Amino acid sequence: MTETRDLKGTVVVITGASSGIGQQTARTLVAAGAKVALGARRVERLFQLVAELGAENAVATKCDIRKPADCETLMQIAVETFGKIDSVIPNAGIGLYGSILDYSNERLNEMMETNFQGTIWTVRAAVPHLKKNGGDIVILCSISGFRSKKNQAVYAATKHAQVGLAIGLDDELREDGIRVTVIAPAATDTEFAMGDGRLPENLGKLGYMEPSDISFAIQTVLQQPRRLRTTEWKLIAMSQGIN
Ligand SMILES: NC(=O)c1ccc[n+]([C@@H]2O[C@H](COP(=O)([O-])OP(=O)(O)OC[C@H]3O[C@@H](n4cnc5c(N)ncnc54)[C@H](OP(=O)(O)O)[C@@H]3O)[C@@H](O)[C@H]2O)c1
(Lines give C-alpha, C1' and ligand atoms only; values in the text may rest on other atoms or scores of the structure.)
Protein backbone atom coordinates (compact mmCIF):
# COMPACT_ATOMS: atom_id res chain seq x y z
CA MET A 1 0.00 0.00 0.00
CA THR A 2 1.42 3.37 -0.99
CA GLU A 3 1.85 5.65 2.01
CA THR A 4 1.81 9.44 2.01
CA ARG A 5 5.07 10.99 3.26
CA ASP A 6 4.66 13.07 6.37
CA LEU A 7 5.92 16.62 5.77
CA LYS A 8 6.08 17.41 9.50
CA GLY A 9 9.42 19.05 10.28
CA THR A 10 10.62 19.07 6.67
CA VAL A 11 12.23 22.32 5.52
CA VAL A 12 11.10 23.89 2.25
CA VAL A 13 12.61 26.95 0.55
CA ILE A 14 10.18 28.94 -1.63
CA THR A 15 11.10 31.83 -3.94
CA GLY A 16 8.49 34.37 -4.97
CA ALA A 17 6.60 33.88 -1.71
CA SER A 18 5.37 37.48 -1.45
CA SER A 19 2.23 36.81 -3.50
CA GLY A 20 0.17 34.37 -5.52
CA ILE A 21 1.21 30.74 -5.81
CA GLY A 22 4.36 31.07 -3.68
CA GLN A 23 2.49 32.73 -0.82
CA GLN A 24 -0.28 30.13 -0.90
CA THR A 25 2.29 27.30 -1.09
CA ALA A 26 3.89 28.59 2.12
CA ARG A 27 0.50 28.49 3.83
CA THR A 28 -0.35 25.03 2.50
CA LEU A 29 2.98 23.46 3.46
CA VAL A 30 3.03 24.97 6.95
CA ALA A 31 -0.48 23.64 7.47
CA ALA A 32 0.94 20.22 6.51
CA GLY A 33 3.64 20.56 9.18
CA ALA A 34 6.59 21.88 7.15
CA LYS A 35 8.95 24.76 7.99
CA VAL A 36 9.40 27.31 5.22
CA ALA A 37 12.15 29.76 4.22
CA LEU A 38 10.74 32.50 2.03
CA GLY A 39 12.39 34.79 -0.51
CA ALA A 40 11.20 37.68 -2.71
CA ARG A 41 12.05 41.33 -3.25
CA ARG A 42 9.07 42.83 -1.36
CA VAL A 43 10.25 41.86 2.11
CA GLU A 44 7.51 43.71 3.96
CA ARG A 45 5.01 41.26 2.45
CA LEU A 46 7.24 38.35 3.43
CA PHE A 47 7.51 39.53 7.02
CA GLN A 48 3.71 39.81 7.19
CA LEU A 49 3.49 36.21 6.03
CA VAL A 50 6.03 35.10 8.64
CA ALA A 51 3.94 36.85 11.31
CA GLU A 52 0.86 34.99 10.05
CA LEU A 53 2.57 31.58 9.92
CA GLY A 54 4.58 31.98 13.13
CA ALA A 55 8.34 32.48 13.53
CA GLU A 56 8.64 28.85 14.65
CA ASN A 57 7.43 27.81 11.18
CA ALA A 58 8.71 30.46 8.79
CA VAL A 59 11.67 32.72 8.10
CA ALA A 60 12.14 35.26 5.32
CA THR A 61 14.81 37.30 3.63
CA LYS A 62 15.09 39.63 0.67
CA CYS A 63 16.05 37.58 -2.35
CA ASP A 64 16.25 38.79 -5.93
CA ILE A 65 16.72 35.52 -7.78
CA ARG A 66 18.61 37.31 -10.56
CA LYS A 67 21.46 37.60 -8.04
CA PRO A 68 23.22 34.30 -7.25
CA ALA A 69 24.46 35.71 -3.91
CA ASP A 70 20.86 36.42 -2.81
CA CYS A 71 19.89 32.82 -3.60
CA GLU A 72 22.82 31.54 -1.54
CA THR A 73 21.82 33.80 1.36
CA LEU A 74 18.27 32.42 1.28
CA MET A 75 19.58 28.85 1.55
CA GLN A 76 21.97 29.82 4.37
CA ILE A 77 19.17 31.42 6.35
CA ALA A 78 17.02 28.30 5.92
CA VAL A 79 19.84 26.11 7.27
CA GLU A 80 20.77 28.49 10.11
CA THR A 81 17.12 28.71 11.22
CA PHE A 82 15.84 25.18 10.68
CA GLY A 83 19.02 23.07 10.39
CA LYS A 84 18.62 21.65 6.87
CA ILE A 85 16.88 21.93 3.50
CA ASP A 86 14.64 19.10 2.26
CA SER A 87 13.02 20.79 -0.72
CA VAL A 88 13.28 23.91 -2.85
CA ILE A 89 10.51 25.44 -4.91
CA PRO A 90 11.86 27.84 -7.56
CA ASN A 91 8.57 29.65 -8.06
CA ALA A 92 9.44 33.33 -8.64
CA GLY A 93 8.65 34.51 -12.12
CA ILE A 94 7.18 37.33 -14.19
CA GLY A 95 5.01 37.37 -17.32
CA LEU A 96 4.97 39.88 -20.16
CA TYR A 97 2.20 39.05 -22.63
CA GLY A 98 2.35 40.79 -26.00
CA SER A 99 3.85 40.62 -29.45
CA ILE A 100 7.59 40.31 -30.06
CA LEU A 101 7.78 44.11 -30.52
CA ASP A 102 5.61 45.21 -27.59
CA TYR A 103 8.26 45.43 -24.84
CA SER A 104 11.65 47.10 -24.54
CA ASN A 105 14.86 45.05 -24.65
CA GLU A 106 15.31 45.86 -20.96
CA ARG A 107 11.92 44.47 -19.89
CA LEU A 108 12.32 41.30 -21.96
CA ASN A 109 15.77 40.87 -20.47
CA GLU A 110 14.30 41.20 -16.97
CA MET A 111 11.87 38.37 -17.76
CA MET A 112 14.59 36.15 -19.26
CA GLU A 113 16.94 36.80 -16.32
CA THR A 114 14.17 36.13 -13.78
CA ASN A 115 12.42 33.10 -15.24
CA PHE A 116 15.39 31.31 -16.77
CA GLN A 117 18.62 32.41 -15.10
CA GLY A 118 16.95 33.00 -11.73
CA THR A 119 15.74 29.40 -11.70
CA ILE A 120 19.29 28.22 -12.36
CA TRP A 121 20.77 30.40 -9.59
CA THR A 122 18.13 29.10 -7.15
CA VAL A 123 18.83 25.47 -8.02
CA ARG A 124 22.63 25.93 -7.87
CA ALA A 125 22.38 27.49 -4.43
CA ALA A 126 20.15 24.66 -3.16
CA VAL A 127 21.79 21.54 -4.59
CA PRO A 128 24.80 21.36 -2.21
CA HIS A 129 22.32 21.29 0.69
CA LEU A 130 19.93 18.83 -0.97
CA LYS A 131 22.77 16.42 -1.75
CA LYS A 132 23.27 15.78 1.97
CA ASN A 133 20.03 13.82 2.45
CA GLY A 134 18.27 13.87 -0.93
CA GLY A 135 15.17 15.95 -1.50
CA ASP A 136 12.91 17.65 -3.99
CA ILE A 137 13.24 20.44 -6.52
CA VAL A 138 9.77 21.51 -7.68
CA ILE A 139 10.02 24.10 -10.45
CA LEU A 140 7.04 26.37 -11.03
CA CYS A 141 6.91 26.37 -14.81
CA SER A 142 3.76 26.87 -16.92
CA ILE A 143 1.64 25.11 -19.47
CA SER A 144 3.51 27.54 -21.76
CA GLY A 145 6.59 25.44 -21.08
CA PHE A 146 5.02 22.72 -23.22
CA ARG A 147 3.35 24.75 -25.96
CA SER A 148 3.41 28.30 -27.28
CA LYS A 149 1.19 30.74 -29.12
CA LYS A 150 1.06 34.32 -30.28
CA ASN A 151 1.54 37.14 -27.77
CA GLN A 152 3.51 34.99 -25.37
CA ALA A 153 6.45 33.75 -27.44
CA VAL A 154 9.23 35.10 -25.23
CA TYR A 155 7.47 34.13 -21.98
CA ALA A 156 6.88 30.64 -23.37
CA ALA A 157 10.53 30.44 -24.40
CA THR A 158 11.63 31.14 -20.81
CA LYS A 159 9.27 28.42 -19.59
CA HIS A 160 10.46 25.92 -22.25
CA ALA A 161 13.96 26.63 -20.93
CA GLN A 162 12.84 25.60 -17.43
CA VAL A 163 11.57 22.29 -18.82
CA GLY A 164 14.90 21.63 -20.53
CA LEU A 165 16.69 22.45 -17.31
CA ALA A 166 14.45 20.13 -15.30
CA ILE A 167 14.81 17.15 -17.64
CA GLY A 168 18.59 17.37 -17.49
CA LEU A 169 18.60 17.88 -13.72
CA ASP A 170 16.29 14.91 -13.21
CA ASP A 171 18.79 12.72 -15.03
CA GLU A 172 21.76 14.24 -13.17
CA LEU A 173 20.46 14.45 -9.61
CA ARG A 174 18.40 11.26 -9.32
CA GLU A 175 21.55 9.41 -8.26
CA ASP A 176 21.80 11.77 -5.28
CA GLY A 177 18.23 11.01 -4.24
CA ILE A 178 17.01 14.37 -5.52
CA ARG A 179 13.72 14.37 -7.44
CA VAL A 180 13.05 17.13 -9.97
CA THR A 181 9.46 17.98 -10.83
CA VAL A 182 7.96 20.55 -13.17
CA ILE A 183 4.59 22.00 -12.18
CA ALA A 184 2.95 23.48 -15.29
CA PRO A 185 -0.25 25.38 -14.58
CA ALA A 186 -2.52 27.12 -17.04
CA ALA A 187 -4.02 30.50 -16.06
CA THR A 188 -4.23 31.00 -12.30
CA ASP A 189 -5.86 33.83 -10.37
CA THR A 190 -2.88 35.86 -9.10
CA GLU A 191 -1.31 39.30 -9.65
CA PHE A 192 0.86 37.70 -12.34
CA ALA A 193 1.10 39.68 -15.60
CA MET A 194 -1.43 42.20 -14.39
CA GLY A 195 -1.12 45.19 -16.71
CA ASP A 196 1.42 43.29 -18.78
CA GLY A 197 -1.07 41.55 -21.03
CA ARG A 198 -3.73 40.65 -18.47
CA LEU A 199 -6.46 42.93 -17.20
CA PRO A 200 -7.99 43.09 -13.71
CA GLU A 201 -11.42 42.24 -15.14
CA ASN A 202 -10.03 38.94 -16.45
CA LEU A 203 -9.11 37.74 -13.01
CA GLY A 204 -11.49 35.29 -11.44
CA LYS A 205 -13.94 35.67 -14.28
CA LEU A 206 -12.55 33.27 -16.84
CA GLY A 207 -12.50 30.16 -14.73
CA TYR A 208 -8.87 30.58 -13.74
CA MET A 209 -7.51 28.13 -11.21
CA GLU A 210 -6.91 29.23 -7.63
CA PRO A 211 -3.38 29.43 -6.16
CA SER A 212 -4.48 26.70 -3.73
CA ASP A 213 -5.09 24.35 -6.68
CA ILE A 214 -1.40 24.68 -7.51
CA SER A 215 -0.13 24.46 -3.93
CA PHE A 216 -2.21 21.29 -3.49
CA ALA A 217 -0.29 19.75 -6.41
CA ILE A 218 3.05 20.83 -4.91
CA GLN A 219 2.11 19.32 -1.55
CA THR A 220 1.13 16.07 -3.31
CA VAL A 221 4.48 15.92 -5.13
CA LEU A 222 6.37 16.29 -1.84
CA GLN A 223 4.19 13.66 -0.14
CA GLN A 224 4.91 10.95 -2.69
CA PRO A 225 6.94 8.05 -1.33
CA ARG A 226 10.60 8.52 -2.18
CA ARG A 227 10.76 5.37 -4.28
CA LEU A 228 8.94 7.11 -7.12
CA ARG A 229 9.07 10.40 -8.97
CA THR A 230 6.51 12.08 -11.20
CA THR A 231 8.34 14.57 -13.34
CA GLU A 232 5.82 16.67 -15.28
CA TRP A 233 2.49 17.92 -13.93
CA LYS A 234 0.12 19.89 -16.19
CA LEU A 235 -2.74 21.64 -14.39
CA ILE A 236 -5.65 23.04 -16.40
CA ALA A 237 -9.07 24.21 -15.18
CA MET A 238 -12.04 22.23 -16.46
CA SER A 239 -13.37 25.49 -17.92
CA GLN A 240 -10.27 26.06 -20.04
CA GLY A 241 -9.35 24.51 -23.36
CA ILE A 242 -5.82 23.22 -23.85
CA ASN A 243 -4.99 26.14 -26.20
N1 LIG B 1 -0.69 33.05 -12.63
C2 LIG B 1 -0.63 32.32 -13.74
O3 LIG B 1 -1.55 32.37 -14.59
C4 LIG B 1 0.52 31.38 -13.96
C5 LIG B 1 0.35 30.34 -14.88
C6 LIG B 1 1.41 29.47 -15.11
C7 LIG B 1 2.60 29.63 -14.42
N8 LIG B 1 2.74 30.65 -13.54
C9 LIG B 1 4.04 30.77 -12.85
O10 LIG B 1 3.83 30.72 -11.46
C11 LIG B 1 4.90 31.39 -10.80
C12 LIG B 1 4.34 32.27 -9.70
O13 LIG B 1 3.54 33.27 -10.30
P14 LIG B 1 2.17 33.81 -9.64
O15 LIG B 1 1.09 33.51 -10.59
O16 LIG B 1 2.05 33.40 -8.24
O17 LIG B 1 2.45 35.38 -9.77
P18 LIG B 1 2.62 36.55 -8.68
O19 LIG B 1 1.49 36.55 -7.73
O20 LIG B 1 2.89 37.77 -9.50
O21 LIG B 1 3.95 36.11 -7.89
C22 LIG B 1 5.21 36.16 -8.47
C23 LIG B 1 6.24 36.12 -7.38
O24 LIG B 1 7.56 36.13 -7.98
C25 LIG B 1 8.34 37.07 -7.28
N26 LIG B 1 9.41 37.60 -8.10
C27 LIG B 1 9.34 38.19 -9.31
N28 LIG B 1 10.57 38.56 -9.72
C29 LIG B 1 11.44 38.18 -8.75
C30 LIG B 1 12.84 38.27 -8.58
N31 LIG B 1 13.64 38.86 -9.50
N32 LIG B 1 13.40 37.76 -7.46
C33 LIG B 1 12.61 37.18 -6.51
N34 LIG B 1 11.28 37.06 -6.61
C35 LIG B 1 10.70 37.56 -7.72
C36 LIG B 1 7.38 38.13 -6.81
O37 LIG B 1 7.88 38.75 -5.64
P38 LIG B 1 8.54 40.22 -5.56
O39 LIG B 1 7.92 41.06 -6.62
O40 LIG B 1 8.22 40.65 -4.18
O41 LIG B 1 10.00 39.97 -5.76
C42 LIG B 1 6.16 37.30 -6.45
O43 LIG B 1 6.26 36.83 -5.11
C44 LIG B 1 5.69 32.11 -11.89
O45 LIG B 1 6.89 31.41 -12.17
C46 LIG B 1 4.76 32.07 -13.09
O47 LIG B 1 5.48 32.06 -14.32
C48 LIG B 1 1.73 31.52 -13.27
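Q: Two residues are in contact if their C-beta atoms, placed from the backbone, lie within 7 Å; among contacts in the chain between residues at least 6 apart in sequence, what share joins residues at least 24 apart?
A: The share is 68%. Because this is a predicted model, local features need pLDDT of at least 70 and side-chain atom pairs count only at pLDDT 80 or more, whereas totals for chains, interfaces and linings use all residues. Residue numbers start from 1 along each chain as its sequence is written.

Q: Which elements does the chain contain, and in what order do they run?
A: The chain has 6 helices and 7 strands, where helices (H or I, at least four residues) and strands (E, at least two) are DSSP runs numbered from the N terminus. From the N terminus on, their order is β-α-β-α-β-α-β-α-β-α-β-α-β.

Q: How do you know whether the chain is as compact as a globular protein of its length?
A: Its radius of gyration is 17 Å, close to the 18 Å that the globule rule gives for 243 residues, so the chain is as compact as a globular protein of that length; the radius is taken over C-alpha atoms, and the rule is 2.2 Å times the number of residues to the power 0.38. Along the principal axes, the C-alpha atoms fill a box of roughly 45 × 40 × 30 Å.

Q: Why is strand S5 called mostly covered?
A: A residue is buried if 20 or more other C-beta atoms lie within 10 Å of its own, exposed if 12 or fewer, and partly exposed in between. In S5 (residues 135-140), 6 of its 6 residues are buried, while buried residues make up 43% of the 243 residues in the chain. Gly 135, Ile 137 and Ile 139 point one way from S5, Asp 136, Val 138 and Leu 140 point the other way, and all are buried.

Q: What makes S4 and S6 pairing partners of S5?
A: Two strands pair if DSSP finds at least two bridges between them. Strand S4 (residues 87-89) meets S5 over 2 bridges in the parallel sense, with Val 88 opposite Ile 137. Strand S6 (residues 178-185) meets S5 over 6 bridges, also parallel, and there Ile 139 stands opposite Val 182.

Q: Why are the β-α-β units on S5 called right-handed?
A: The term applies if, with the strands pointing away from the viewer, the path from the first strand over the helix to the second runs clockwise. Such a unit is made by S4, helix H4 (residues 105-133) and S5, and another by S5, helix H5 (residues 153-173) and S6.

Q: How do you know whether the span of helix H6 agrees with its number of residues?
A: The expected span is 1.5 Å times one less than the number of residues, so the 13 residues of H6 (residues 211-223) should span 18 Å, and its end C-alpha atoms are 18 Å apart, which agrees. The buried residues of H6, including Ile 214, Ile 218 and Leu 222, pack against helix H1 (20-31), S4, S5, S6 and strand S7 (232-235).

Q: Is Ser 212 buried, partly exposed or exposed, and what makes it so?
A: Ser 212, found in H6, counts as partly exposed because it has 16 C-beta neighbours inside 10 Å. Leaving aside neighbours within four places in sequence, Ser 212 is in contact with Gln 24 and Thr 28. Ser 212 and Thr 25 are 187 residues apart in sequence and 7.3 Å apart in space, C-alpha to C-alpha.
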